[in-house]
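Here is a friendly briefing to read alongside your structure. Have the model open as you go.

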Amino acid sequence: MEKANIAVVGATGVVGRTILKVLGERSFPIDKLYLFASKRSEGKSIDFCKKAYTVQRLTEQNVINANVKYAIFSAGSDVAESFAHVFNKCGGIVIDNSSCFRMENNVPLIVPEVNPESAFNHNGIISNPNCSTIQAVVALKPLHDAFKIKRIVYSTYQSVSGAGFRGIEDLRQGLTGKPPQKFPHPIANNVLPHIDAFSDDGYTKEEHKMINETKKILGDDSIRITATTVRVPVYYGHSESINVEFYKKATRESALKILSAAPGVKVCDDAETLSYPMPITSEGCDDVFVGRVREDKSVESGLNLWVVADNIRKGAATNSVQIAELLHRGRP
């Protein structure tokens, strides 16, 4: 396959470093690799495939000089808003991990196992969904195709790595008794029903992201969705309790059969052996683990699912690289 120039923007962060790791693991055909970050990280050295690369400051001139085909962003909405179109003007396609462009009509929101065809209808920018949304829709899409979803109730249990290095440090330092620096309250030995800023309606932005992004990715605005997102004292791996109501009859047996054949899904569901998804076993993996599948007998047709995935890998880095692979292969 033809090689391409690749840029990683925000290369020194938790997700940026994992993007590099995934690019190497999946042997993405790279010609030249460019690492961009803020002035604070300029000049740092990062190893990639046994070669040292120097981090460059993200400036318009440095972007022009790089001439990349794909730029994978993990540097926040402000950086995406300022620099995505700079890469576009130089002929580059931006794959952005921030929320900056996700709900824009002309920007596809892509999970390759769910809506790969939409990736090719872009104007130079493709958005990577929120980490908690990605794992949810990987599990929900095959069920939606089979039974058509009427309503979803999301309850999430999200790890501190979703808040970056500072979130991880809050848990580490908090276990020694030090006060939090990232979170508004201690996360060690605690649970915070609060991720991102609160909106006027009492929901947080994280909850609105899950609601709106699910509808966009599944292409169905008629689905009724509510969400409660919670931060828990776990380093890596988001867990989700998902209650789904369908229009067509869904049974545990039919759902397990569908999920077992779904791309990107690994079923882990055996009560006799106490086998069910856990964040500790999802860490470092790219699959979305699904278990505790059972019928919700309070409605005519409903299921409860327990869905777990590594939020830094499938929830961010791996999904971004998969999008780049999809674009580089081209339409089937």
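Which residues in H4 meet which residues in H6? From H4 come Ser132, Thr133, Ala136, Val137, Lys141 and His144, and they meet Glu206, Lys209, Met210, Glu213, Thr214, Ile217 and Leu218 in H6. Please keep in mind that this is a predicted model. The points below start with this helix pair and then move on to the sheet.

**The helix pair**
- Packing of two helices is described by the angle between their axes and the distance between the axes.
- For H4 and H6, the angle is about 40° and the axes lie 10 Å apart.
- The crossing in which H4 passes H6 is right-handed.

**A closer look at Glu213**
- Glu213 sits in helix H6 and is among the residues there that meet H4.
- Glu213 has 1% relative accessibility, under the 20% cut-off, so this residue counts as buried.
- Leaving aside residues up to four places away in sequence, Glu213 touches Arg102, Met103, Leu109, Pro129, Asn130 and Thr133.

**The sheet**
- The 6 strands of an open sheet follow the order E10-E9-E11-E14-E13-E12, and their pairing is mixed.
- Strand E10 (224–231) and strand E12 (265–267) are at the edges with a single partner strand each, so one side of each has no neighbour in the sheet.
- On average, neighbouring strands of this sheet are turned by 25° against each other, ignoring direction.

**Helices on the sheet**
- Helix H4 (residues 131–147) packs on the sheet and touches strand E9 (149–158), E11, E12, strand E13 (288–295) and E14; the direction of H4 makes about 25° with that of E11.
- Helix H6 (residues 205–218) also packs on the sheet, where it touches E9, E10 and E11; the direction of H6 makes about 135° with that of E10.

**Strand E14 and its partners**
- Strand E11 (residues 238–246) runs antiparallel to strand E14 (residues 302–309), and 8 bridges join them.
- Ser241 has Trp306 in E14 as its bridge partner, while Val244 stands opposite Leu303 in E14.
- E13 pairs with E14 in the antiparallel sense over 5 bridges, and the two form a hairpin with 6 residues between them.
- Leu303 in E14 also has Glu295 standing opposite.
- Of the 8 residues of E14, 7 are buried, so this strand is largely enclosed by the rest of the structure.

Terms used:
Residues numbered from 1 in each chain as written. Predicted model: local features only at pLDDT ≥ 70, side-chain atom pairs only at ≥ 80, totals over all residues. Heavy atoms only, no water. Pairing = 2+ DSSP bridges. Helix = DSSP H or I, 4+ residues; strand = E, 2+ residues; numbered from the N terminus. Axes fitted to C-alpha atoms, helices over the stretch in contact; angles between N-to-C directions. Contact = heavy atoms within 4.5 Å. Buried < 20%, exposed > 50% of the residue type's maximum accessible area, 1.4 Å probe, protein only. Left-handed = near helix turned anticlockwise from the far one by under 90°.
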